[in-house]
Amino acid sequence: MESLDRESGLLVSVSPHHREPDNTVMFDPRISEPEQARSAEIAAEQGYVSMLYDRLDAERELADRRLSDALRSSGGPPQAAAEREAATATYSDRLAALKSVEQGLCFGRLDFADGSANVDTDDDPTIYIGRVGLFDESDDYRPLLIDWRAPVARPFYLATAASPQGVRRRRHIRTLSRKVVGLDDEVLDLGAGEHNDHLGLAGEAALLSALERRRTGEMSDIVSTIQAEQDAIIRADLGGVLVVQGGPGTGKTAVALHRAAYLLYTHRRQLTTRGVLVVGPNSTFLRYIGQVLPSLGETGVMLATVGELYPGLSATGLDTPEAAEIKGRIGMTEVLAKAVRDRQIVPEDVLEVTVEGGEVLVLDRATCELARSKARETLRPHNLARRVFSDRVLDALVEVSMNQLESHVLDDLPEIPLSGDEVDSGPMLDSRDRATIRQELAEDPAVQAVLQELWPKLTPQELLSDLLTDTERLASAASGVLTEAEWRTLLRRPGSLWTAADVPLLDELAELLGEDDTEARARRERQRREERAYAEGVLHVLEQDEEILDEEVVRVRDVLDAELLAERQEARSDLTAAQRAALDRSWTFGHVIVDEAQELSEMDWRVLMRRCPSRSMTLVGDVSQTGSAAGTSSWDRVLRPYVEDRWRLRELTVNYRTPAEIMELASAVLADIDPGLTAPTSVRESGIEPWRRSSSPGSVTADVRRWVDEELAALTEERGGGTLAVLCPAALEGPLSAELAEVQAAAGADDTGDNPRVSVLTVDRAKGLEFDAVIVVDPESIATATARGLNDVYVALTRATQRLGIVHTAPPMPALSGEQGASRAAG
Ligand SMILES: Nc1ncnc2c1ncn2[C@@H]1O[C@H](COP(=O)(O)OP(=O)(O)OP(=O)(O)O)[C@@H](O)[C@H]1O
C-alpha cells in the first residue's frame, strides 16, 4: 500500500505489519501512522543497506589480505617478481575503488511490476542500485547491488510516469555514513495523468533536496539523481566527437565526469590501456572537480589544463590578454614554422673551419645550400633532418680535406717521372682513410660548432625563448602573419616564466623539431619484451586467485590477452595510464573530455587533437560564457579543421544551479550578448530576490565587507552555513582580498574543512564553480574590461545557488538597471 506522508510530502510505502528480523518496528500511539510506516520502511532498508556494507567490508578485507600477502612475499625467479608486482597493482586498485564508494554506497531501489525486471532476480522484482556492483558468491553470484552504469540500472534514471519502463516504484535511499536517513519514493504505475511532470524530472524530491544542499569548495557527484537528458549524454557512444552545449548550471561538468566513469566501466579494456584525459580551464577548477571521479570509484583519469600537458614544464607565468590571444591564433603555426626555417642558415659567402692540427677547410655557400635543400626535402622534423644536412656538409669537408692532404703530400714529394711500364696507381688515400678522416672531422669541435651554427640541434624551449626575446628573429618569423604591433606584443625579457599560452607553441615546436629517439626506441623495445613476460604473470596470478569476486577479473582470460596487457603495462607496471601519460608528451588517449571547451584557443585545440588521434572526444561548454579573447563563439569553426562536420551536438536545457529569481536577471545580460540566445530554465525558485546596491570607488571595499558580513549572517540563519564568493574586476581583487582577510579568517573553512568559506575571485577563476551566495562587484568594469566582458558578467551572475547581490560603483549597465527587466515584463 502507498500513502502520502503529509509532513515530508513524499510517497512512502506503507506496510504497518512489516517486520525485518533485525529491525523490529514498535508502534507508538503518539506517532502518526504515516510516520510509523516511514520508520518501518527506513528500518527495512537499513537492514538491506547494512548487509551491503558487510559485503563491502568483506571484499575490502579480502583485497587487503591479498595485497599484504603480495607485499610480504619476496625472492624467487623473475616470473614470481612480476607476478608479485602485478598482484600488488591489482589489489591496490581494487582496494582504492572499494574504499572510495563508502559514502552513498547504495542510493536507489527499483521495484518492477511483476516480471518486468530485466535482470536475473529470482522472482524478486526488486533491484538495488549503487556505486559498485556487489554479488552474493554463495548464491551463484546473485546481484545484491547493481552498478549504476550497468544497463539494467538505466530505468532508475529514465523511467517516468508517462513511460515507466516496467518500474512500479523508484526509491531514492538517502544515507549518512552507513545509516539510512530518508527515502524518497515515486510510484510510476499510477498513470501519467496523476503526475505533475515538471520539466520531465525524475526523482524530483531527491533532486530538489540535492540541489538545496549547502555548497562546499568541492563538487559532488550526481549519481543518484541524473536526469534523462543528462543520462542520454553520459551513455552516448564512445566514438566520434560529441559536443554538449548548455547554459550555466545545466550540469555539463557533472555530465562530463559521469560520462568518464561510464565509459571506463563500459569500455574498460579499451580505455584503461590508453587512459582518459579530462581537461579543465584552470587549476582552481580542477581542484573543485577533483573528488567526483574518485567518489565514483574511478581513480585512473588524468585531470589537466592545456597548460599542464607539456611534461616537465610548469607554466606559472602570466600573459597579457592581448599576448594570450595572439599566441592562441592558428597563424602562430606559420610563425613557428618560419622560425624553425630561419634557424637553418647558409653562410653569406664561405666559411673557414680550422680543425684540430691547424688545417683550414673552406666550406662554400653552394655546398651548404645544397645540403640544406636536401635536408628540407626529406620533410622530416628539423632535428631529424639535421642528420642529412650534417652528412652532406661532412662529405664536402672530407672531400676538401682529402684533396688538401693529397696535394700537401704531393707538394712535399720530389717529382719522380713514371718509367715506361709504370701506371698511375690512382688516389693515394683509399676508402679506409676516407672513413678515418670522416670520423675525425665528425668529432672535431670546430666542425661540430659550424654544424650547430648552420643547423642547430634545438629544443622547443630554446627556440621559443630565443624567438620571443629577439626582435630580429620575431620580426622575421612573424612577417606576413602578424602586424608589427602584434608581434611586438609578444616580445618579453630573457628568463621570463612560461605561460599557459606558451604550451601549445612548445607542443607545436616539438612536432616541428622532432626528437632523435633512436636510443629511446631501442630501450622501449627491450622494455616491451619484459612487459610481455610480466603480463603473462598478471594473467597467471588472476587466474590462480579463485577468491576474486569481481566477475571482470575472474574471467580475465575472456577479455584480456598477454599482448594487450603488455601494452597496458608498457613502461611501468605500477603506473596507471594517466600517470604514464603525464610523463610522455606523445601519449595519445583513448578518450578526451574537455570542460569549458569554449575557452580553448585554436592552438589549444591542436594540442588536444594531437593527444587524441582517434577523435573520441566529449566537449562540453557554453559559447555564451566564453571569456577568453582566444576562445570560441562557434563549435563548427573550431571543429571543422579536424573533423569537418562529423560531430554530434547535444543540448542541455535545464538549469539545476541558479534559482529562477537570479536567472531572470542573468537572462537580461544574455539578451544583451545576443538576443537570439535562450537562457536555460531554472528547476527551482528560492524565494529570495537578488539585491542591487550602490557604492563608490572610494568606499567600495568597506561597503562590500559590511555586505559580506550581512550575507554570511543570512546564510547562517537560512542554511546553517554555506559558501560565499565576491566576484570582482581584476583591479579590485587585491584591495578586496586585503579588506576581507579578517572576515575570511573568521568565517573559517567550508563543510569539507579543506576550503575557505569566503573567497574573492576574478571571473575567470570562478568559471565552472558555484557558491551558496555571490556578491558581484562593479559589473560595469567587468563588462568593459575585455571584448567578451559581458559574457563574464553573465558567468558571474550565474554562480550562486541561493543568494545574489550586485554592487555598482558607477551607473548600472542597462541590463542590470532594472528597467530592461521591467519593460520586458511589461512587454
Ligand atoms: N541531475 C542532477 N542532480 C543533482 N544535481 C545536479 C544535477 N545536474 C546538475 N546538478 C548540479 O547543478 C550544479 C551545476 O552543475 P554543473 O556545474 O555541472 O553545471 P555546468 O553546466 O557545468 O555549469 P557552468 O557552465 O555554469 O559551469 C552542480 O551543483 C551540480 O551538482
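P248 is in contact with D622, Q625, N655, R657, T658, V795 and T798, leaving aside its neighbours within four places in sequence. The model is predicted. P248 is also one of the closest residues to the ligand.

**Ligand shell**

- The ligand is surrounded by 24 residues. The closest are P248, G251, K252, T253 and Y656.
- Two elements give two or more residues to this shell: α4 (204-212) and α6 (252-266).
- By class, the shell has 12 polar, eight nonpolar and four charged residues.
- Domain 1 (33-235) gives residues to the shell, and domain 4 (660-808) does too, so the ligand lies between them.

- UniProt, in an unreviewed entry, lists G246, G247, P248, G249, T250, G251, K252 and T253 under "binding site".
- P248 is found in the loop between β9 (241-246) and α6. G249 lies in the loop between β9 and α6 as well.
- Is P248 buried or exposed? P248 counts as buried, because it has 25 C-beta neighbours inside 10 Å and the cut-off for burial is 20 or more.
- G249 is buried too, with 29 other C-beta atoms within 10 Å.
- G249 touches N655, Y656, R657, T658, P680 and T798, not counting residues up to four places away in sequence.
- N655, R657, T658 and T798 are among the contacts of P248, and they are also among those of G249.

- Strand β15 (residues 617-621) is largely enclosed by the rest of the structure, because five of its five residues are buried.
- M617, L619 and G621 point one way from β15. T618 and V620 point the other way. All of them are buried.
- β9 pairs with β15 in the parallel sense, over five bridges. V244 has V620 as its bridge partner in β15.
- Strand β14 (residues 591-594) runs parallel to β15 and is joined to it by three bridges. V592 has M617 as its bridge partner in β15.

**Strand β3 and its partners**

- Strand β3 (residues 106-112) is mostly covered, with seven of its seven residues buried.
- β3 pairs with strand β4 (residues 126-130) in the antiparallel sense, over five bridges. L110 stands opposite I127 in β4.
- β3 also pairs with strand β7 (residues 167-176), again antiparallel and over five bridges. The bridge partner of F112 in β7 is V167.

**I775 in strand β22**

- I775 lies in strand β22 (residues 771-777).
- I775 counts as buried, because it has 26 C-beta neighbours inside 10 Å.
- Which residues are in contact with I775, leaving aside its neighbours within four places in sequence? They are V704, W707, V708, E711, V726, G805 and V807.
- I775 and C728 are 47 residues apart along the chain. Their C-alpha atoms are separated by 8.5 Å.

**Whole chain**

- The protein chain has 33 helices and 23 strands.
- Of its 827 residues, 39% count as buried.
- Among contacts in the protein chain with a separation of 6 or more, 74% join residues 24 or more positions apart.

Methods: Residues are numbered from 1 along each chain as its sequence is written. This is a predicted model: local features need pLDDT of at least 70, side-chain atom pairs count only at pLDDT 80 or more; totals for chains, interfaces and linings use all residues. A residue is near a molecule or strand if its C-beta atom, placed from the backbone, lies within 6 Å of it. Helices (H or I, at least four residues) and strands (E, at least two) are DSSP runs, numbered from the N terminus. Ala, Val, Leu, Ile, Met, Phe, Trp, Tyr, Cys and Pro count as nonpolar, Asp, Glu, Lys and Arg as charged, and the others, Gly among them, as polar. Domain bounds come from an automatic or database domain assignment. A residue is buried if 20 or more other C-beta atoms lie within 10 Å of its own, exposed if 12 or fewer, and partly exposed in between; C-beta atoms are placed from the backbone. Two strands pair if DSSP finds at least two bridges between them. UniProt positions are given in the numbering used here, feature names are shortened, and annotations may be inferred rather than shown by experiment. Two residues are in contact if their C-beta atoms, placed from the backbone, lie within 7 Å.
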